[in-house]
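Please take a moment with the sequence and the model before reading on. The paragraphs below go from the whole chain to single residues.

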Amino acid sequence: MRQISRRGLFGAACLACGTGHLAATPVQAQGWSPPAAAQRCPSRWGPNDRRGSMNLMTPARAQSASSLIRTGEMVELGHVLAPTMPFFGTRRFDLHTKRTFMNPEPNRRGSNEEIVITEIGQVGTQLDAFPHQTIGDQVYNCVDMPSITGRAGFTEMGVHTIGTIFTRGVLIDVAGAKGVPVLGDDYEITVADLEEALRRQNTQLAEGDAVLIHTGWGTLWGRENARYVRSCPGIGVAAAEWLISRNPILMGADNWPVECAPSKTMPDASLPVHQLALVVHGVHLLENLKLDELARRPERQFAFLLQPLKVQGGSGSTVAPTAIL
C-alpha cells in the first residue's frame with residue numbers, strides 16, 4: 001500500500017503554518033499505510049513536542065467551553081468499574097474490601113478500605129496516552145520507545161502529563177442518523193456518515209473539540225460482553241483522517257477501540273486508526289464511553305470535562321468524563 005505523509009494527507013499548507021486543515025480532502029483509506037518516520041516527523045508542533053493535540057488546550061478554549069453551560073446539568077459518560085465489565089486478554093478488575101478496622105478510642109470510629117487489582121490504564125472507560133501504541137519501535141513524534149521505557153513506566157508522555165481537558169464536546173450520533181439503536185457488528189463509519197449525522201444535527205466541528213461518536217455499541221456493556229469485544233462498529237481510516245483534519249483535541253466512541261474492528265477497508269491491518277491518531281498525529285483516543293443517556297437528549301454540543309488519573313508513566317488511564325449542559 002502507498003505510504004501517505006502528513007503533507008499528502010492534509011495539504012501542503014499544513015506543515016508550514018498549521019492551517020489549511022479544514023479545506024483538505026482526505027486520501028482514500030485503501031491507500032493508507034503507516035508513513036515512514038521522515039514523512040510523519042517532526043509533528044506540526046515541532047521536533048521536541050510531547051503533547052500533540054493537548055497543545056490546543058488553552059485557557060481561552062476552556063473559557064469558551066464554559067459559555068456552553070446553560071443549566072449546569074451533568075451527564076456522566078463513564079461506565080462503572082466492576083468485575084462484570086468486558087475485558088481483553090489478561091486485563092482484569094478485582095476489588096477486595098478490607099474488613100472494618102475499629103479504632104481503639106472510645107468514640108468507636110470504624111474505618112473501611114479496599115484493595116483493587118487491575119490494569120488501571122486499559123480497563124473501563126479509558127483514555128489512551130501516546131506510548132500506548134507504536135509504529136515499529138517509535139511512538140508519537142518518532143520518539144524511540146525503548147529509550148523512554150523503564151520498569152516504573154514511561155519517562156516521557158506518560159498519562160500523568162496530559163492534565164485536565166475542558167473544551168467543547170460534540171456528539172456525532174451516527175446510530176441516530178441511521179435510525180437504528182445500534183450499528184451493525186462490523187459497520188465501518190464513513191466520511192459520508194459523519195457528514196450526514198452532523199447535517200441532521202445542524203452541528204459543525206471546530207478546532208479543539210472533543211469529538212464523541214455514538215454507535216449504540218455501549219448498550220452491550222455488561223450484558224453481552226463476548227459480543228462487545230469480538231468486533232464492533234466504528235470509524236474507518238478515511239473517517240478518522242477526515243476528523244483529524246478538523247484538529248480535535250481527542251476522538252472518542254462508545255466502543256472499545258473508537259475505530260471499526262476488524263477494519264473493513266484495511267483487513268490486513270491491526271487497528272490502523274490507533275496508529276493514525278496516537279502515533280502519527282498525536283490525538284488521544286477515548287474508549288468505552290457511556291453515551292446512551294447523552295444520545296437521548298437534544299443537545300449535541302456541551303462543555304466536556306475529563307482528567308486522567310495521575311499515573312506516573314502510564315500508557316493510559318481509566319477516566320470518568322462528564323458532559324456539562
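This is a predicted model: local features need pLDDT of at least 70, side-chain atom pairs count only at pLDDT 80 or more; totals for chains, interfaces and linings use all residues.

Residues are numbered from 1 along each chain as its sequence is written, and side-chain values use heavy atoms, with hydrogens and water left out.

The chain has 10 helices and 17 strands, where helices (H or I, at least four residues) and strands (E, at least two) are DSSP runs numbered from the N terminus. For 325 residues, a compact globule would have a radius of gyration near 20 Å, and the chain agrees because its value is 20 Å; this radius is taken over C-alpha atoms, and the globule rule is 2.2 Å times the number of residues to the power 0.38. Of the 325 residues, 53% count as buried, a term that means under 20% relative accessible area, with exposed meaning over 50% and partly exposed in between (1.4 Å probe, protein chains only). Among contacts (heavy atoms within 4.5 Å) between residues at least 6 apart in sequence, 77% join residues at least 24 apart.

Some features of the backbone deserve a careful look, given that most residues other than glycine have a negative phi, and most peptide bonds are trans. The peptide bond from Cys-41 to Pro-42 is cis, with omega near 0 degrees, and Pro-42 lies in the loop between helix 3 (37–40) and helix 4 (59–66). Another cis bond runs from Ala-261 to Pro-262, with omega near -5 degrees, and Pro-262 belongs to the loop between strand 13 (250–253) and helix 9 (272–281).

Asp-173, found in strand 9 (residues 165–173), counts as buried because its relative accessibility is 9%. The side chain of Asp-173 makes a polar contact with the side chain of His-214 at 2.7 Å, where a polar contact is a pair of N or O atoms within 3.5 Å and, within protein, one must be able to donate a hydrogen and the other to accept it, residues adjacent in sequence counting only if both atoms are side-chain atoms. Leaving aside neighbours within four places in sequence, the residues in contact with Asp-173 are Ala-197, Gln-201, His-214, Ala-295 and Arg-300.
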